[in-house]
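Let's take a friendly walk through a protein fold, looking at sheets, helices and rings in turn. Have a look at the picture before reading on.

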Amino acid sequence: MNRRQFLKTAGVGAGVALAATQVRDMRAETQKVRVGCIGTGGQGGFHLRTGLAGAQNIEVVAVCDVYNLHQEAGWKLAGGETRKVARYFDYREMLDKEELDAVVIATPLVTHFPITMDCLDAGKYVFCQKTLCYTIDDARKIVEKCHATGKFCQVGHQRRYNPKYNVALWRQREQGLMGRINHITMQWHRNNPWRRFVDASQTLSPEEQKYITDIERHLNWRLYKDTSGGLMTELTTHQVDVANWFMGTPPARVYGTGGLDYWRDGREIEDNVALVYEYDLKAGDQGFSAIAARHPYMNKRTMNQAYTVRAVFTSTTATGKRGASELYQGDKGSVDLTEEDGCFMFGEPAYNADVQAMAAYTAQSAGEAALDVTSGKSRQISTDAFKNGWPILVLNDKTADQLQFEAFGRDVMNNTPPKANQMVGLMTAIAGISAMESVRGGGKVVEIDPKSYAFDFETPDAYRYENWEGPAPAQQQTSASSAATTGV
């Protein structure tokens, strides 16, 4: 929608009222969203290389970082002198001087709130790296600010834009692929210190010293409790966000344990955690699935009452086995998902065996002896399941990072709420912060109050998904064996 079309559609009165803040954002299709990047270190540099660089509808016109080495690297990645990219130490100066439609924030967690609020107040759309905020109250204030300004804040939960994740959720919602999901296993395992190198001989410039008092803590902010929730806010939130998405509701409670047991190098945060999130589902919830009786002893009056799904998350920094992935297990099938290529669906032979046995029992109207349940096989090497699975294939040649920024650009142009919107960010922030409270509180059960994500105004949909074109599962089974060995 261009300026003329927008004014015609909105009407003269509304057009005049919104002209100062929105008309410029409704750019013609031939134009690009003008973006300023705040924070161009590890994550910000990653976005510039893999996401923003490939988003055809976005133009990075300015970068800002308080550390000169990061600023220089980000400036070059954005195009530097060739594209006349501006560079700043103070993001407020960038907001004042540059004509921006939106900003991308990839700074330490504790700085997300003030920077996001300032950018929204300046009339900019915001992309903020997860986790949204370090406190629940701050995250709620961002939702309120988005409502007040008419802008949105997209949060960096890129799995929401991964086509394979979308296909898996679409097949579950529309086709009942997994039946009733009754268990979730999530992990982020790595085998490295998660510590960035610091050159002790380096001298900060007078400009850098205005913002950085301790270079080690500045670069390794994830390792200290006053600036980071550690594994709970930097890793857990990625995967609990997907669990929220698939369940169609936030968790009701969380409890967990963790400790600093390996990397005793001066850090303060845990180097391993184990968490259990509980999702209470009832009829009407998006993730709720009714079931049919699989055994004559099942109580038909109670079997479709409210139930609880438990999601187990583990993270360690001293072993990398299984990496980062999520396994959604249902009574009819399961889905194993990862940001990499190896996403697989699996059927549940046990379910079909029980259904057949139940049908035979009903038809014969006989005693229990006629119910031959042969579905109890569980003693198998888990990797053998790949022989019976099939890969999730989609027509796509872009990374999830690129797709999330292309979607960001489209949503800015159209002023439409993104999939990973501020409500998504709020709910995952609450989940991560609640887990941190449990682990650091001795493993206590932390109940999550539904009022913490309730507002007296309409909020954007936190559970939207898309279907992507690709072969149907039946067409994929012929390639399952080769896919299992190649990881396609």
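Predicted model: local features only at pLDDT ≥ 70, side-chain atom pairs only at ≥ 80, totals over all residues.

Strands of a sheet pair through backbone hydrogen bonds, and the pairing is either parallel or antiparallel. As one example from this sheet, strand E7 (residues 181–189) and strand E11 (residues 324–330) are antiparallel partners, with 7 bridges between them. Tryptophan 188 has alanine 324 in E11 standing opposite.

**The parallel sheet**

A further open sheet has 6 strands in the order E3-E2-E1-E4-E5-E6, and its pairing is parallel. Its edge strands are strand E3 (86–88) and strand E6 (153–155), each pairing on one side only. On average, neighbouring strands here are turned by 25° against each other, direction ignored. Strand E1 (residues 33–38) and strand E2 (residues 58–64) run parallel and are joined by 6 bridges. Isoleucine 38 has cysteine 64 in E2 as its bridge partner. Helix H13 packs on this sheet and touches E1, E2, strand E4 (102–105), E5 and E6. Its direction makes about 165° with that of E5.

**Rings that meet**

How many aromatic pairs does a search of the whole structure find? The search finds 10. In one of them, phenylalanine 127 and phenylalanine 408 have ring centres 5.9 Å apart and planes at 75°, so the pair is edge-to-face. Planes over 60 degrees apart count that way. Phenylalanine 127 lies in strand E5 (residues 125–128) and phenylalanine 408 in helix H13 (residues 400–414), so this pair ties together parts that are 281 residues apart in sequence. Are these two residues buried or exposed? Both phenylalanine 127 and phenylalanine 408 are buried.

Phenylalanine 288 and tyrosine 307 make a further pair: their ring centres are 5.3 Å apart and their planes at 40°, so the pair is tilted. Phenylalanine 288 is in the loop between strand E9 (272–281) and strand E10 (307–316), while tyrosine 307 is in strand E10, 19 residues apart. Phenylalanine 288 is buried because its relative accessible area is 16%, and 11% makes tyrosine 307 buried too; the cut-off is under 20%.

Ring pairs also link Tyr125, Phe127, Phe152, Phe405 and Phe408 into a cluster.

**Charges over rings**

| Charged residue | Ring | Distance from charged end to ring centre |
|---|---|---|
| Arginine 87 | Tryptophan 75 | 4.9 Å |
| Arginine 217 | Tyrosine 224 | 4.0 Å |

**A proline in a loop**

Where is proline 450 found? Proline 450 is in the loop between strand E15 (446–447) and helix H15 (473–476). With 48% relative accessibility, proline 450 counts as partly exposed. Proline 450 and alanine 252 are 198 residues apart in sequence, and 7.9 Å apart in space, C-alpha to C-alpha.

Note on methods
Residues numbered from 1 in each chain as written. Heavy atoms only, no water. Phe/Tyr/Trp six-rings, centres within 6.5 Å; stacked < 30°, edge-to-face > 60°. Helix = DSSP H or I, 4+ residues; strand = E, 2+ residues; numbered from the N terminus. Buried < 20%, exposed > 50% of the residue type's maximum accessible area, 1.4 Å probe, protein only. Lys NZ or Arg CZ within 6 Å of the ring centre and 35° of its normal. Pairing = 2+ DSSP bridges. Axes fitted to C-alpha atoms, helices over the stretch in contact; angles between N-to-C directions. Contact = heavy atoms within 4.5 Å.
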